[in-house]
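Here are some notes for you to read alongside the model. Please keep the sequence and the structure open while you go through the points.

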Amino acid sequence: MKKLILLFLVSVASHAQYSPQIILDEEVFGITEIITADLNNDGYKEVITSQKYFNNHKVSFFNNLGDGAFGSQQIVSTNLDTPLAVAAGDINTDGWIDLLSISRVENTAIYYLNQQGSFPDEVVFDNSFLNPLDIKTDDIDNDGDYDIVVLDRISLNIYYNQGSLNFTKQTVDPGVITEYTDLIITDINNDGFKDIVTGSLLKTLIYINNNGQFFYDEARTNSIGSEAFITVTHMADFNNDGNIDLITNGGFFQDIRLYTNTGDGYFSFSQIIDLIVNCYSVSSIDYDQDGDLDVYTTIPQLGQVVWYENIDGVMGEKNVIEEIDNVGAVKVHSDDLNNDGKDDPMWSAPISIYLSQDILNNNEFDSVSKLSVYPNPSKGSFSIESTLNGTANIFNSMGQKVYGNLPVASGHNNYTVNLSPDIYFLQIITNNKKSYIRLIIE
């Protein structure tokens, strides 16, 4: 038991603001994308994935049950071959978020309408592609409904939502001869319209949105540089100046690069974040919760989940979040899954999450001076001495609530719980203030 406690405390010190690793399903593999959206309108975002390989082709999601708990995998579709991406948005404007995907082998794009949290039907809305790579949905013409963007190997296709599930297709003039690899939709020049940035075998390409219509922008493209074979792109404001900056990965040297948006959608090279690193997706998250966005990714060839600390807009050395023995851990994502206002990192293979939780913040343990728990360790029967009335909850090491709303009275309180031997967190709420004590069950 002493060895277990020591190992656990080391983990808390390394990731003090996050829960231990939560594995949603060890059997889910071949993940091609991870996104999040509230599919059942309960206020919590579900984890949504697309998968490929063998008989594993599917789109699915995991219900977010709150309190750090997630349901089993819910299959949306297995009727598509090699779905490389999944997207979410209310394309029929009925108040429920729908799902979309693509089939690289069947050369189709599909949507799945949300019927109050389920997806009984799938509709192919285009089957004319050469090799579709990515799909996203957003309001790109600012008319109040979700449009669709599909990145094919050799074409960039816009589907303008006319309402009642009617879409008008535009294929954007590429401006250059190349093959695309990756797709981002975001407003890079702060004009209120969302632009498109793509990776390609030629270089990173920019398509400016002019009142809902897209045009290749040679000048802004050339401001990024001429590094070819860009396979991963990601954009966020890393220096807190109100402009969206750019991360790329790929090229001949497979390095991760940061380009700073100098204003109006033009870029300048800032730094090489890491050399000779082949990552497959990048996300941004304030991992150390200091007010700026850090770079977060996986390096499958090294078996690592990592982040790079943002120090005044410059990324520092690599920090390893998790050592993994799985080359399939190629996709990352971050979003607020437990509604605490802080984004949570997640990655594939096995599909895993760190939840940002106050119950793992060491600073909170200073607030227990008016409380005592004994015996601790115990075999399931223990007492709480409190000077105030309140309630108690017990969380396991994964951040899941295993006992809730136990009454706490001022004075002596006896409890008996049925828990397996492990380390738990006892949360005691008095006068709207939360206190925490590690509870050890032998």
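1. Between which two strands does the loop that holds N41 lie? Bear in mind that this is a predicted model; in it, N41 sits in the loop between β2 (31–37) and β3 (46–51). Its phi is positive, at about 55°, although N41 is not a glycine. N41 counts as partly exposed because its relative accessibility is 40%, and the partly exposed class lies between under 20% for buried and over 50% for exposed.

2. A positive phi in a residue other than glycine also occurs at T93, where the value is near 55°. This residue is found in the loop between β6 (86–89) and β7 (98–103), and T93 is classed as exposed because its relative accessible area of 54% falls in the range over 50%.

3. Turn next to the largest nonpolar core, which has 17 residues. Those with the most contacts inside this core are V373, F382, I384, I394, L426, I428 and L439. At least two core residues come from each of β29 (371–374), β30 (381–386), β31 (390–395), β32 (401–408), β34 (422–430) and β35 (433–441).

4. Y374 and P375 are joined by a cis peptide bond with omega of about -10°, while another cis peptide bond, with omega of about 20°, joins N376 and P377.

Technical notes: Residues numbered from 1 in each chain as written. Predicted model: local features only at pLDDT ≥ 70, side-chain atom pairs only at ≥ 80, totals over all residues. Heavy atoms only, no water. Core = buried A, V, L, I, M, F, W, Y, C linked by side-chain atoms within 4.5 Å. Buried < 20%, exposed > 50% of the residue type's maximum accessible area, 1.4 Å probe, protein only. Helix = DSSP H or I, 4+ residues; strand = E, 2+ residues; numbered from the N terminus.
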